[in-house]
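Open the coordinates in your viewer and keep the selection panel at hand. The stops below say what to select next and what is to be found there.

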Amino acid sequence: MLTLHPDTSRLVHIMIQSAGCKQLVEIGGAYGYSAIWLAHAARITGGQLTSLEINPKLIEIAPQNVAEAGLIDRVEFVPGDVRETLSTIETPFDFVLLDCWERLYVEMLDMLATKLRPGGILVADNIDPDKEESDPYIQALHNHPLMETVSVPIGRGIEVSTRRLAST
Ligand SMILES: C[S@@+](CC[C@H](N)C(=O)[O-])C[C@H]1O[C@@H](n2cnc3c(N)ncnc32)[C@H](O)[C@@H]1O
């Protein structure tokens with residue numbers, strides 16, 4: 001299983017701080033690697049992370065790793081399929097890391113766009129314009145009326161988007 005690349009981790013850590021993001025959400029928590037980066041950024045901004053994970057074994061392991069990093073007070077772990085759990089989380093989101101299976105990304109996009117605050121940030125990992133399987137998400141995202149997006153060739157490839165401000 002691929003964790004967030006260290007360079008991508010550092011970039012999102014910077015983004016969260018510079019945009020003052022407090023309500024953070026990650027989709028695909030796995031063993032808690034990215035959760036540690038996001039929770040650390042949340043501690044700096046005074047925010048909180050909600051980590052969504054479908055695999056029941058991982059949702060038990062991740063809290064142990066986050067606790068070892070001393071950040072457990074910053075994270076709520078929500079088990080289950082994101083397509084069912086996302087609607088239970090308090091909105092608006094300031095920052096979302098989309099890092100589950102790529103085939104779900106297009107399906108998630110409208111829901112995420114409407115739950116982000118204007119000016120909020122969406123980062124999708126493992127998206128590479130040179131990979132055919134990334135095409136549907138890139139097309140959907142770059143044509144989305146609510147989102148402004150750039151492909152960033154860092155780590156395993158990410159799409160960085162913001163929800164447009166109402167006036168733009
Ligand atoms: C690439 S891994 C996440 C890595 C993690 N973000 C990190 O950097 O440490 C993808 C994760 O998405 C989870 N996942 C896949 N489909 C999901 C779904 N429908 N709802 C929630 N989690 C899902 C998988 O179980 C897996 O743990």
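Begin by selecting S9, V12, H13, I16 and Q17 in α1, which meet S34, W37, L38, H40, A41, I44 and T45 in α2, contact being taken as C-beta atoms, placed from the backbone, within 7 Å. By class, this contact of α1 with α2 divides into six nonpolar, six polar and no charged residues, where Ala, Val, Leu, Ile, Met, Phe, Trp, Tyr, Cys and Pro count as nonpolar, Asp, Glu, Lys and Arg as charged, and the others, Gly among them, as polar.

The model is a predicted one, in which local features need pLDDT of at least 70 and side-chain atom pairs count only at pLDDT 80 or more, while totals for chains, interfaces and linings use all residues. Residues are numbered from 1 along each chain as its sequence is written. Helices (H or I, at least four residues) and strands (E, at least two) are DSSP runs, numbered from the N terminus.

Now show the whole of α1 (residues 6-18) with α2: they pack at an angle of about 25 degrees, their axes 9 Å apart. Axes here are lines fitted to C-alpha atoms, for helices over the stretch in contact, and angles run from 0 to 180 degrees between N-to-C directions. The two helices α1 and α2 are therefore roughly parallel to each other, given that angles under 35 degrees count as roughly parallel, over 145 as roughly antiparallel, 65 to 115 as roughly perpendicular and the rest as oblique.

**From α2 to α3**

To see the contact itself, pick A35, I36 and A39 in α2, which meet A62, N65 and V66 in α3. These residues divide into five nonpolar, one polar and no charged.

**The ligand**

Which residues come nearest to the ligand? Of the 23 residues around the ligand, they are G28, A30, Y33, S34 and I54, a residue being near a molecule or strand if its C-beta atom, placed from the backbone, lies within 6 Å of it. The shell holds 13 nonpolar, five polar and five charged residues, and α2 (33-45), β2 (48-53) and α4 (82-85) each supply at least two of its residues.

Select the strands in the order β3-β2-β1-β4-β5-β7-β6, which form an open sheet of seven strands with mixed pairing; two strands pair if DSSP finds at least two bridges between them. β3 (75-79) and β6 (147-152) stand at the edges, each with a single partner strand, so one side of each has no neighbour in the sheet. From one strand to the next, the twist averages 15 degrees.

At β6, look for the six bridges that join this strand to β7 (residues 158-163), the two running antiparallel; T149 has S161 in β7 as its bridge partner. Helix α6 packs on the sheet, touching β5 (116-125), β6 and β7, and its direction makes about 140 degrees with that of β6.

**A last stop**

Finish at the peptide bond from T91 to P92, which is cis, with omega near 0 degrees; P92 lies in the loop between α4 and β4 (93-98).

Terms used. Contact = placed C-beta atoms within 7 Å.
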